[in-house]
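Please find below a short note for discussion.

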Amino acid sequence: MSQRKKAVSASQNKTQRRSQVCLDEDDEDAHFSQITSSQVQRAREHFTPVQIDRKVAEVVQFILIKDQKKIPIRRADIGKHVIKEYKAIYTEIMNRVCRKFDQVFGLKLVEIDPKNHIYILINKLEPIHGEPVSMRPGNPKSGLLFVILSVIFMKGGVIKENLVWNTLKKLRVDPGEKHDEFGDVKKVVTDEFVRQKYLEYVKIPHTEPVEYEFRWGLRAEKEMSKLKLLEFVGELFGQDPQSWTQQFREASTAETSSQRS
Amino acid sequence: MSPPMGDSHKRFLQTMMSNGIISASRAAALHKHCCETHGAHYVADRLEEFINIINAHLQSLFMHIRKGMSEDDGLEYYALVNVTETDITRMASDYADNELELFRKTMDLIVDSESGSASSTDILNCADSLQTKKLKKKETEHVLNKFVQDKWLNEKDGEYTLSVRCIVEMEQYMRTIYQDLIKVCHVCHNIALQCQMCENPICGIKVHLPCVARYFRARSDPRCPECSDFWPHEIPEIPHSQSQSSQSLPSSSRESTAPTPSRRSRRS
């Protein structure tokens, strides 16, 4: 059960493993789409309600553990490690899992990659005023992330990495030094936040020496309310959020489209 | 059927999930904060009822918010535990196999000991004879730090004890593994690692230090509750906030009620 070992070896042979994983996933995923309704019926009769309840609980646990580390969850992994022989009733189990997340935890399982069927858990609860980032309470890094996301957003959605480092330096967080709270700041920002899908750290082509730029990651898009972020920036500068017309327009559009989902 | 969970309950549960364990006084403050945030009806001192509603819904997921007492400060804590765990699987996703083996061995040392603690020297010796893969001195120190940071162990002057989180979460596992070998407190009937013992050789009951403090409060002639022999140990003071009822709200000087952004910058 040493998932940590798996993660270590995965990063070591990334390219080799990626092709292997894709193969496995294709097999796993293909299975999902080939299930017939009679198979579903038979499965439902074969397993007792108690057994199915148990499976739902196991899937919830599995997703919670992955999400605790902010690792996106692959449908193939859920199938391989948890659902296993119950695959025929995968849809029914997942429906109940989603209901549990909603009714008990106030969380929502969202597909961030429809092609590869990758999910994340986002918070459905309204972020509290004074707690503008909808992250898990008690995390000191959320403040750091919030600042970076704000800068990116206010500057139009993509910025060169230097701007991030300079902004942080002004706040006495120097990526070149070890920070008391955050440790290796550069690693947290370019590795941890990127892996967790809060940021994207992309090479700018044809730059010599190589330069990188930052954008919002998929999880930030889903979790962060741009409107609330703009309100907070407004408070910081003592300005009406609407005074930044372009950002306000973008934030309002994002708000209405996320409310629809 | 249990009443449905409101947003206040969900927020409480989410906070429990990210913290793993919180003190009873913080739980009371959190209860107030969650109710006020979502406009739910709030009654002070009804924390147990509030948590019972959450637990009713957690039952089908084999999870539970459990209350336990810390052996160190005698205060009560609430931990979110996984009810099905019959092993230390809770830690499995965070540690390598040999690190888990070291933890089990450390737990063995602590349970075996009279003091309910294990010295770093003894733990280092274990690290050298692991079956999975040996850990070097620096690696062992690093892992021990991680155990302390993740709130599984406490460390003081080079001695390691099991944290309240560890005992509350793994009580089931420990009772299964150690059976009669594990000490149990005569007063509260929970696992007792750091405790005082009756010196009467045919009695030998164990009592937690905080339980001693409460049981022998204001008694000039302390006697063993089982055999009535004189209790020869120093009676500790009752922990500070236990002099009020365990459910009362914290005094305003101790704790702020709402998590504010500045508070979040402290590691909880």
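How exposed is K67(B)? K67(B) is partly exposed, because its relative accessible area is 37%, where buried means under 20% relative accessible area, exposed over 50%, and partly exposed in between (1.4 Å probe, protein chains only).

1. Basis of the note. This is a predicted model, in which local features need pLDDT of at least 70 and side-chain atom pairs count only at pLDDT 80 or more, while totals for chains, interfaces and linings use all residues; side-chain values use heavy atoms, with hydrogens and water left out. Residues are numbered from 1 along each chain as its sequence is written, and chains are lettered from A and ligands numbered from 1 in the order in which they are written.

2. Chain A overall. Chain A comprises 12 helices and 8 strands; these are DSSP runs numbered from the N terminus, helices being H or I of at least four residues and strands E of at least two. Of its 261 residues, 43% are buried. The accessible surface of chain A is about 14,800 Å², with 50% belonging to carbon and sulfur atoms; such areas come from the Shrake-Rupley method with a 1.4 Å probe, and for residues only the protein chains shown count as cover. Contacts (heavy atoms within 4.5 Å) between residues at least 6 apart in sequence join residues at least 24 apart in 58% of cases in chain A.

3. The loop at A88(A). A88(A) lies between helix 5 (75–83) and helix 6 (90–105) of chain A. Residues up to four places away in sequence aside, A88(A) touches I35(A), Q39(A), V40(A) and A43(A). The C-alpha atoms of A88(A) and S37(A) are 8.7 Å apart, although 51 residues separate the two in sequence.

4. Backbone points to check. Most residues other than glycine have a negative phi, and most peptide bonds are trans. K197(A), in the loop between helix 9 (185–195) and strand 7, has a positive phi near 70°. H206(A) has a positive phi of about 60° and is found in the loop between strand 7 and strand 8 of chain A. H206(A) is exposed, because its relative accessible area is 84%, whereas K197(A) counts as partly exposed at 31%. P209(A) is also placed in the loop between strand 7 (199–204) and strand 8 (211–216), and the peptide bond from E208(A) to P209(A) is cis, with omega near 0°.

5. Salt bridges. Over all chains the structure holds 18 salt bridges, each a side-chain nitrogen of Lys or Arg within 4 Å of a carboxyl oxygen of Asp or Glu. K226(A) counts as buried at 10% relative accessibility, while E221(A) is partly exposed at 41%.

6. Pairs in chain B. K67(B) forms a salt bridge with E76(B) (3.6 Å, N to O), and E76(B) is partly exposed at 22%. In the salt bridge of E169(B) with R165(B), the closest N and O atoms are 3.1 Å apart. Both residues lie in helix 8 (residues 164–178) of chain B, 4 residues apart, about one turn of the helix. Are E169(B) and R165(B) buried or exposed? E169(B) is buried, with a relative accessible area of 8%, and R165(B) counts as buried at 10%.
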